[in-house]
Amino acid sequence: MAFSILWVDDNIEELRSHLMYLGEKGYGVQGVTNGTDALAVLRERKFEAILLDEMMPGMGGLETLEGIRKIDPNIPVIMITKSEAEDLMTRAIGKRIDDYLVKPVSPIQVLSALKRQVEARKLAGEEVTRSYMSNFMAVSDRIATADLPADWTEIYTDLVTWGLDLYEYSDHGLLETMREQLSAANLSFGKYVRERYQDWIHAEDEDAPLFSPAVFQRLIEPEVARSRQVFWITIDCMRLDQARMIEPLLEAYYHIDRGTYWSILPTATPYARNALFAGLYPADIRDRYPDLWVDGHAEGSRNAHEDELLNAQLERIGSAAKGSCRYFKIADERDVDPLHRNLGSMGNTRLVVSVYNFLDIMAHGRSQNRILKELAPDEAAFRGLMRTWFEHSNLFEVLRNLSRRDCTVILTTDHGSMMCRRSMKIRGNRDTSSNVRYKFGDNLGVDDDRVMVMKDPRKFRLPAQTTIENYAITSENFYLIYPTNFHEYERLYRDSFQHGGISLEEMICPFLVLRPR
């Protein structure tokens with residue numbers, strides 16, 4: 001099927017050879033000689049792109065462009081001009097042309113410009129499909145032979161990239177193949193982590209990943225030492241694929257250095273984020289700062305001392321930000337954003353830290369809100385919803401304002417999340433925690449080797465409230481349900497986003513360093 005092109009030029013009769021050439025290449029071109037006719041035609045039918053002469057009698061090219069944008073804001077417009085004057089180009093770009101050519105133009109130049117605008121998506125899709133299919137077996141081999149944390153980080157990063165590209169540009173049927181490969185990766189990754197985690201966290205393995213407690217000293221403190229001011233922003237429960245969705249919004253304002261780190265287990269806020277701010281594992285926090293560690297089952301209250309834990313870490317390591325740190329938390333969607341409100345008073349503060357909980361609230365709310373679940377029925381839709389929130393948030397306005405300052409911005413998370421698909425029974429007494437990706441309580445029982453049971457939590461640097469308390473952490477896309485009212489809770493949590501378990505999506509966290517352009 002031919003692509004429909006509108007060519008607006010007062011000398012259209014002189015361009016018949018161009019029109020014939022384009023026709024042979026699959027482009028059906030309708031020519032008009034002035035802006036008024038162009039707008040009239042555009043109101044009557046759809047085109048894939050417009051070629052627009054800049055110099056025409058009567059309604060000129062820029063005026064015609066204004067009219068085009070009122071009728072169809074998104075149609076690609078290629079302006080053809082006799083002049084390369086900077087002022088003209090600035091005005092044309094400001095009115096949103098997509099490309100421009102300088103006369104005289106050859107048929108091949110016009111074809112190339114049209115291909116970039118009209119066929120770019122199709123060509124990108126073909127290349128993404130070709131790239132993924134040609135690497136499919138190699139990725140499967142990499143999953144089977146992955147031996148180092150860096151191998152898994154690279155595998156997951158590649159799968160996220162292909163997943164986003166396949167969704168954006170290619171046949172969605174191939175996405176199912178990619179998802180199956182990601183599931184296979186998580187199967188192997190779960191076994192890999194269960195076998196090595198205890199050694200890693202006791203520093204008995206020199207190839208251990210960079211875990212939450214070491215993030216500040218290894219990645220953030222060097223930025224604090226070399227920068228005039230650092231803003232450290234943590235978006236709770238943000239996965240790597242979700243971070244990739246907001247990166248294009250940030251690239252207009254920042255140069256982005258992309259990195260990752262690994263969340264500790266459980267990959268849940270009371271453990272992972274407290275470890276991030278304290279620079280310690282949970283058991284060590286409880287031992288060293290018993291007043292700042294809250295035992296129990298209520299997650300909200302268990303992160304009430306993050307600012308105190310952070311300041312204790314700054315003091316302990318002799319940070320350049322010691323005595324010059326401000327902390328803000330937006331814990332509820334109804335909260336006034338204190339960072340946004342106080343940004344103007346942060347001029348001399350060395351380190352400004354802020355936590356945004358909205359994404360975590362949205363992920364949990366989705367499982368209990370029918371409208372939200374219909375808006376975001378799958379992971380791709382949830383990513384889109386997250387991007388929409390971010391684009392219209394106070395946080396994005398804060399980041400735009402910071403791009404005009406002499407500062408460094410760090411954007412990261414405490415853990416990711418997993419969409420739960422398969423239920424698994426677990427036994428425990430009535431005081432056992434309600435989380436579905438992990439449980440803690442006395443004498444937990446589960447008959448599946450895909451669950452990591454920590455019978456002695458201290459060996460995993462986790463606190464225990466009783467001598468018989470243990471932890472159970474599931475992997476892949478399983479979720480843990482008690483036998484009582486099993487089917488009711490199985491339905492409630494199926495296809496919900498949860499965290500606390502072992503998966504690439506939960507453990508491998510994005511870490512972005514943003515430097516203003």
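Where is Thr81 found? Thr81 sits in strand S4, which covers residues 77-81. Welcome to this structure, a predicted model in which local features need pLDDT of at least 70, side-chain atom pairs count only at pLDDT 80 or more, and totals for chains, interfaces and linings use all residues. Residues are numbered from 1 along each chain as its sequence is written, and side-chain values use heavy atoms, with hydrogens and water left out.

- Strands (E, at least two residues) and helices (H or I, at least four) are DSSP runs, numbered from the N terminus.
- Thr81 is buried, at 0% relative accessibility; buried means under 20% relative accessible area, exposed over 50%, and partly exposed in between (1.4 Å probe, protein chains only).
- The side chains of Thr81 and Glu54 are joined by a polar contact of 3.2 Å.
- A polar contact is a pair of N or O atoms within 3.5 Å; within protein, one must be able to donate a hydrogen and the other to accept it, and residues adjacent in sequence count only if both atoms are side-chain atoms.

- Tyr192 has its place in helix H7 and is buried, with a relative accessible area of 4%.
- Beyond its neighbours within four places in sequence, Tyr192 is in contact (heavy atoms within 4.5 Å) with Ala146, Asp147, Leu148, Pro149, Trp152 and Trp200.
- Tyr192 and Pro149 are 43 residues apart along the chain, and 9.4 Å separates their C-alpha atoms.

**The largest pocket**

- The largest pocket holds about 520 Å³ of space.
- Its lining has 27 residues, and Met178, Arg179, Leu182, Glu379 and Glu505 lie nearest the centre of the pocket.
- Helix H6 (149-169), helix H7 (173-201), helix H16 (379-391) and strand S11 (418-419) each give two or more residues to this lining.
- Helix H7 gives the most, with eight residues.
- By class, the lining has 11 nonpolar, four polar and 12 charged residues.

**Cysteines**

- The whole structure has zero disulfides, a disulfide being a pair of cysteine sulfur atoms within 2.5 Å.
- Cys237 is in no disulfide, and the nearest cysteine sulfur, that of Cys509, is 9.8 Å away.
- Cys237 counts as buried, at 2% relative accessibility.
- Cys420 is in no disulfide either, and the nearest cysteine sulfur, that of Cys237, is 11 Å away.
- Cys420 is buried, with a relative accessible area of 0%.

Conventions:
On a 1 Å grid over the protein atoms alone, a cavity is a set of points where a 1.4 Å probe fits but cannot get out, and a pocket is an open set with protein on both sides within 12 Å along at least five of seven lines; lining residues have an atom within 4 Å of a point. Grid points are joined across faces, edges and corners, and a volume is the space filled by probe spheres set on the points. Ala, Val, Leu, Ile, Met, Phe, Trp, Tyr, Cys and Pro count as nonpolar, Asp, Glu, Lys and Arg as charged, and the others, Gly among them, as polar.
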